[in-house]
Amino acid sequence: AVVDSGVNATAASFAFPLWNGTSIASASIPFALNPDLPVARLVNGRDFAFWTGPVLDMVGHGTHVAGTVLQETNNGLGFAGVAYASRLMPVKVCIGSWELQIFQSNANVPGFVDPDDGGCLSSAIVAGIRYAADNGANVINLSLGGPGQSPAILDAIRYAVGRGVFVAMSAGNGFEDDNAVEYPAGYAPQIDGAMAVGAIGRSKLRAYYSSTGTHVEVAAPGGDVRDGGIDGVVFQAGFRFSDSDPRRVTVPRFDQYFETPNQGTSMASPHVAGVAALLFAQGITSPAAIEAAIRRFSVDLGATGKDNDFGYGLVDARAALRGLGVTR
């Protein structure tokens, strides 16, 4: 389950009210399935943030994250996910400025919303985690977070792990700000089977933005534009920003996919979620056992042993699988 801004679960156009600069009018917004993610592998999606219709992504974040976990391979298209034969449960708990614009226009309030507005309600995150745990997810990826603690989110993660679900969480991108602990990643040390993931660049150095702290348990590729420029970030299929940039268009589209670059611990976490899925598929089904394997077979970086930058080290899928006796 990718608990995030959603993934397009249908190919269709939907009419939504939008402010066009002079009035509120109905606009047809097209959506399309990711061509590198077969629809047959989408299961049990649910929207807890926007509407009761099919799951849609109007941000692009969830689409990029999901690609890293399980995008198809060996199909002539450009990218692949870590666990490329697993199934995706898209759970929408986050919204961006387009969803907010639709809400505002639907309320007959004129004007444009701030293009940078959006976020993830704690109540939606809680509902999304519990839904995923109750509906067959074996792994949950949470590439989201913030400085505030939420006992309800902590309880939801404990509930999921108690039902046999491994949880990967992005550690945060605030190193050059105040480097404050972000949650839910900050809860990771309290739960065997939930891990906080920091980010590295292509040189295996901590990405400049990646938050540090005793709660960071493992590192994974998150991209770092300062370490190799555009070639040093993470690419997956996603939406072209100019198609949905609220500063440039009044009617967005989410039906064209392109090579999309991004960086962040949001990109690192799904690498770990993908490795967890591989371990689960080979019979390592306990969340605590999955965490123990990822820890044990990670590649130590930085100071010897666990440290605040990389945790136990860089996740190593091959070593974890082979180290546990998997030969295929």
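This is a predicted model: local features need pLDDT of at least 70, side-chain atom pairs count only at pLDDT 80 or more; totals for chains, interfaces and linings use all residues.
Biologist: How many of the residues of helix H6 are buried?

Modeller: Helices here are DSSP runs of H or I with at least four residues, strands are runs of E with at least two, and both are numbered from the N terminus. H6, residues 265-281, reaches 25 Å from its first C-alpha to its last, close to the 24 Å expected at 1.5 Å a residue, where the expected span is 1.5 Å times one less than the number of residues. Buried means under 20% relative accessible area, exposed over 50% and partly exposed in between, with a 1.4 Å probe and protein chains only. H6 is largely enclosed by the rest of the structure, because the buried residues number 14 of the 17.

Biologist: At what angle do H1 and H6 pack?

Modeller: Residues of H1 that meet H6 include His61, His64 and Val65, and their counterparts in H6 include Ser266, Met267 and Pro270, with contact meaning heavy atoms within 4.5 Å. Axes are lines fitted to C-alpha atoms, for helices over the stretch in contact, and angles run from 0 to 180 degrees between N-to-C directions. The axes of H1 (residues 61-70) and H6 are 8 Å apart, and the two helices pack at an angle of about 35°.

Biologist: Which residues in H7 does H6 meet?

Modeller: H6 and H7 pack at an angle of about 115°, with their axes 10 Å apart. From the H6 side come Val272, Val275, Ala276, Leu279 and Phe280, and the residues they meet in H7 are Ile290, Ala293 and Ile294.

Biologist: Which residue in E13 stands opposite Phe239?

Modeller: Strand E12, residues 234-239, is largely enclosed by the rest of the structure, because five of its six residues are buried. Six bridges join E12 to the antiparallel strand E13, residues 257-262, and two strands pair if DSSP finds at least two bridges between them. In this pairing, Phe239 stands opposite Tyr257.

Biologist: Asp116 and Arg247 form a salt bridge, but how many residues apart are they?

Modeller: A salt bridge is a side-chain nitrogen of Lys or Arg within 4 Å of a carboxyl oxygen of Asp or Glu, and the closest N and O atoms of Asp116 and Arg247 are 2.9 Å apart. This pair links distant parts of the chain, with Asp116 in the loop between H2 and E7, Arg247 in the loop between H5 and E13, and a separation of 131 residues.

Biologist: Are Glu99 and Lys92 buried or exposed?

Modeller: The side chains of Glu99 and Lys92 meet in a salt bridge, at 2.8 Å from N to O. Whereas Asp116 and Arg247 are both exposed, Glu99 and Lys92 are both buried.

Biologist: What is the relative accessible area of Val299?

Modeller: Val299 lies in the loop between helix H7 and helix H8. Leaving aside neighbours within four places in sequence, Val299 is in contact with Tyr312, Gly313, Leu314 and Asp316. Val299 counts as partly exposed, because its relative accessible area is 32%.

Technical notes. Residues are numbered from 1 along each chain as its sequence is written. Side-chain values use heavy atoms; hydrogens and water are left out.
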